[in-house]
Amino acid sequence: GDEVNNNDGKLVLSFAKTMLHMIVDMHEKDVVHFDLKPEHFILSTRREEEGTKYAITLIDFGECAVYDGSDKVKGTSRARGTEIYHAPEMLLIDETKIRRTLLEPHNDEDDNSNAAVVDGKKCDCYALGVALCELFFNNSPNRHAYEESGFLGMLNTVAGDENAYSKMLRDDILAPNASSLQRRPLFEENVANWLLQTLLVRDPRKRASARDALEMFSEVMRNNNKWCHGM
């Protein structure tokens with residue numbers, strides 16, 4: 001009953017916090033993954049006397065990039081990773097002259113090409129936000145729009161109005177899960193707000209870094225004592 005659901009909730013929160021810590025550590029080593037998604041976080045378990053222990057491993061660094069201190073922009077000029085987890089600026093990476101407002105600021109005098117350079121760390125953060133949305137709610141506006149309307153539908157959802165994106169998360173992802181809302185009422189709304197205010201922000205200049213998102217997540221969880229007690 002309630003005890004099982006509480007334990008499940010604390011476990012999911014613990015997984016999310018571990019995933020955030022992993023991306024913080026990776027980014028502070030100047031490594032960008034470029035293909036973060038649930039399938040690349042591998043969960044393993046082992047039985048011990050005090051109970052089951054869990055470990056998460058991040059895999060598939062085939063698209064990753066490592067930068068030294070001389071690189072000013074830790075980014076990419078081509079689309080990388082999996083479309084459903086692409087940040088808005090990654091989806092629009094070849095349309096820099098048309099959709100300038102979604103891109104990191106840069107000097108036009110130094111820009112001799114039509115290709116955008118987007119911040120890889122900020123793209124990782126957005127992809128992590130989509131992955132965590134699916135972890136908590138079993139779906140995301142990105143995946144929902146893609147499955148309903150294909151790539152163009154997802155593009156309009158992700159790169160369009162932020163209020164419409166928020167509405168889709170609440171109306172199409174949270175609302176149908178009435179039973180889930182009853183099981184997880186203490187953190188579901190808080191987690192949705194946290195995602196929308198940190199990782200799932202349309203403008204990369206306003207999107208939180210992994211460390212800032214982790215700090216805000218920890219604060220949200222501290223305010224949810226019932227779910228976080230003992231974490």
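In which loop does D60 lie?

Guide: The model shown here is predicted. In it, D60 belongs to the loop that runs between β3 (51–58) and β4 (65–66). The backbone at this residue deserves attention: D60 is not a glycine, yet its phi is positive, at about 60 degrees. As a general rule, most residues other than glycine have a negative phi.

D30 is found in the loop between α1 (2–28) and β1 (31–32). Its relative accessibility is 18%, so D30 counts as buried, the cut-off being under 20%.

Helix α3 (residues 120–137) and helix α7 (residues 188–197) have axes that come within 11 Å and cross at roughly 170 degrees. The two helices are therefore roughly antiparallel, since angles over 145 degrees fall in that class. On the α3 side, the contact is made by G129, L132, C133, F136 and F137, and these meet E188, V191, A192, W194 and L195 of α7. By residue type, this contact comprises 8 nonpolar residues, 1 polar and 1 charged.

Helix α3 also takes part in the second largest pocket, to whose lining it gives the largest share, 3 residues. The volume of this pocket is about 150 Å³. Its lining is formed by F15, M19, P38, F41, L43, I56, A131, E134 and L135. The lining contains 8 nonpolar residues and 1 charged residue, with no polar ones.

A search of the whole structure finds 1 cavity of 30 Å³ or more, and about 80 Å³ of space lies in the largest cavity. It is lined by 13 residues, of which F34, R80, Y85, H86 and A127 are the closest to its centre. Here too α3 gives the most to the lining, again with 3 residues. The lining of this cavity divides into 7 nonpolar, 3 polar and 3 charged residues.

Technical notes. Residues are numbered from 1 along each chain as its sequence is written. This is a predicted model: local features need pLDDT of at least 70, side-chain atom pairs count only at pLDDT 80 or more; totals for chains, interfaces and linings use all residues. Side-chain values use heavy atoms; hydrogens and water are left out. On a 1 Å grid over the protein atoms alone, a cavity is a set of points where a 1.4 Å probe fits but cannot get out, and a pocket is an open set with protein on both sides within 12 Å along at least five of seven lines; lining residues have an atom within 4 Å of a point. Grid points are joined across faces, edges and corners, and a volume is the space filled by probe spheres set on the points. Helices (H or I, at least four residues) and strands (E, at least two) are DSSP runs, numbered from the N terminus. Ala, Val, Leu, Ile, Met, Phe, Trp, Tyr, Cys and Pro count as nonpolar, Asp, Glu, Lys and Arg as charged, and the others, Gly among them, as polar. Buried means under 20% relative accessible area, exposed over 50%, partly exposed in between (1.4 Å probe, protein chains only). Axes are lines fitted to C-alpha atoms, for helices over the stretch in contact, and angles run from 0 to 180 degrees between N-to-C directions. Angles under 35 degrees count as roughly parallel, over 145 as roughly antiparallel, 65 to 115 as roughly perpendicular and the rest as oblique. Contact means heavy atoms within 4.5 Å.
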